[in-house]
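Biologist: Hi, I'm new to this one and would like a guided look. Could you put it on screen and take my questions as they come?

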Amino acid sequence: MTPDARTAAAQATDDTRTVGGPARARSLSPALSPSLVHTELSMLVTALWFEIDHGDGSAASGFFTADAELTFSRRTFRGTDEINGVYGARAARGPRVSRHLMSNFHVLRHESDVVEAVSALVLYAQDGTPPVPTTVPVLVADVFDRFVRAGEPNERHEPEVGETRWLIASRRIENRFLLPGDVLAVPTE
């Protein structure tokens with residue numbers, strides 16, 4: 001066995017591995033591969049943005065834990081009832097065209113049932129019905145998510161043994177670029 005192969009074999013049997021390179025080394029559970037976790041979570045984030053862009057956001061709270069925190073700038077909403085209120089108020093404003101473009105999804109920390117990640121968000125949005133005039137992004141932000149594995153409820157709303165899925169336990173959206181004078185469809189103050 002070559003020295004590189006021995007190193008790889010030792011890492012594969014080690015109880016902890018690292019993710020993010022030497023400057024950002026964090027514990028990584030051997031139970032789930034980093035690429036599988038990355039794929040599952042980036043798909044979850046993409047599905048949430050799709051619901052908001054192509055639906056009315058009424059199903060958005062289904063991506064969060066019951067006690068989740070959702071923070072836009074300096075305004076925090078706690079629990080699925082408040083999250084439902086955010087997207088209900090957004091829909092009540094009237095027609096809106098939006099596209100939340102997510103990129104640069106990066107896992108910062110991974111433990112067995114908890115993952116912290118950051119992604120970049122570019123938002124194009126304007127009130128009205130499509131097609132709307134071409135616009136520049138109204139927002140570029142960093143999105144910090146903490147995901148947890150939660151039990152999948154059965155018909156009695158009790159978790160099935162062994163049935164789990166990822167949910168967002170907390171989300172913090174930090175604005176990096178904001179178009180002056182534009183009004184976002186969610187409260188940020």
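Biologist: Which residue of strand 6 stands opposite Leu101?
Modeller: That would be Val122. Keep in mind that this is a predicted model, where local features need pLDDT of at least 70 and side-chain atom pairs count only at pLDDT 80 or more, while totals for chains, interfaces and linings use all residues. Residues are numbered from 1 along each chain as its sequence is written, and side-chain values use heavy atoms, with hydrogens and water left out.

Biologist: How many bridges join strand 5 to strand 6, and which way do they run?
Modeller: Twelve bridges join them, and the two strands run antiparallel. Strands are DSSP runs of E with at least two residues, helices are runs of H or I with at least four, and both are numbered from the N terminus. Two strands pair if DSSP finds at least two bridges between them.

Biologist: And what links strand 5 to strand 6?
Modeller: A hairpin does, passing through three residues.

Biologist: What does Ser119 touch?
Modeller: Leaving out residues up to four places away in sequence, Ser119 touches Met102, Ser103, Asn104 and Phe105, along with Ala141, Asp142 and Val143. Contact here means heavy atoms within 4.5 Å.

Biologist: Asn104 is on that list. Where does Asn104 sit, then?
Modeller: Asn104 belongs to strand 5. With 61% relative accessibility, Asn104 is classed as exposed. Its phi is near 55 degrees, a positive value in a residue other than glycine.

Biologist: What is phi for Ser73?
Modeller: Phi of Ser73 is near 60 degrees, again a positive value in a non-glycine residue. You'll find Ser73 in the loop between strand 3 and strand 4 (75-78). Ser73 is partly exposed, since its relative accessible area is 26%.

Biologist: New topic: which residues have the most contacts inside the largest nonpolar core?
Modeller: Phe64, Phe72, Tyr87 and Phe147 do, in a core of 34 residues. A nonpolar core is a set of buried Ala, Val, Leu, Ile, Met, Phe, Trp, Tyr and Cys residues joined through side-chain atoms within 4.5 Å.

Biologist: Which elements each supply at least two residues of this core?
Modeller: Helix 2, helix 3, strand 3 (64-72), strand 5, strand 6, strand 7 (139-153) and strand 8. Helix 2 gives the most, with seven residues.

Biologist: Back to Phe72. What is in contact with Phe72?
Modeller: Setting aside neighbours within four places in sequence, the contacts are Phe77, Val86, Tyr87, Ile173, Val186, Pro187 and Thr188.

Biologist: Next, the loop between helix 2 and strand 3. How accessible is Ala60, which lies there?
Modeller: Ala60 is buried, with a relative accessible area of 0%. Beyond residues up to four places away in sequence, Ala60 touches Leu48, Glu51, Ile52 and Tyr87. The C-alpha atoms of Ala60 and Trp49 are separated by 8.5 Å, and the two residues are eleven apart along the chain.

Biologist: Last one: is the peptide bond from Pro130 to Pro131 cis or trans?
Modeller: That bond is cis, with omega near -5 degrees. Pro131 is in the loop between strand 6 and strand 7.

Definitions and conventions:
Buried < 20%, exposed > 50% of the residue type's maximum accessible area, 1.4 Å probe, protein only.
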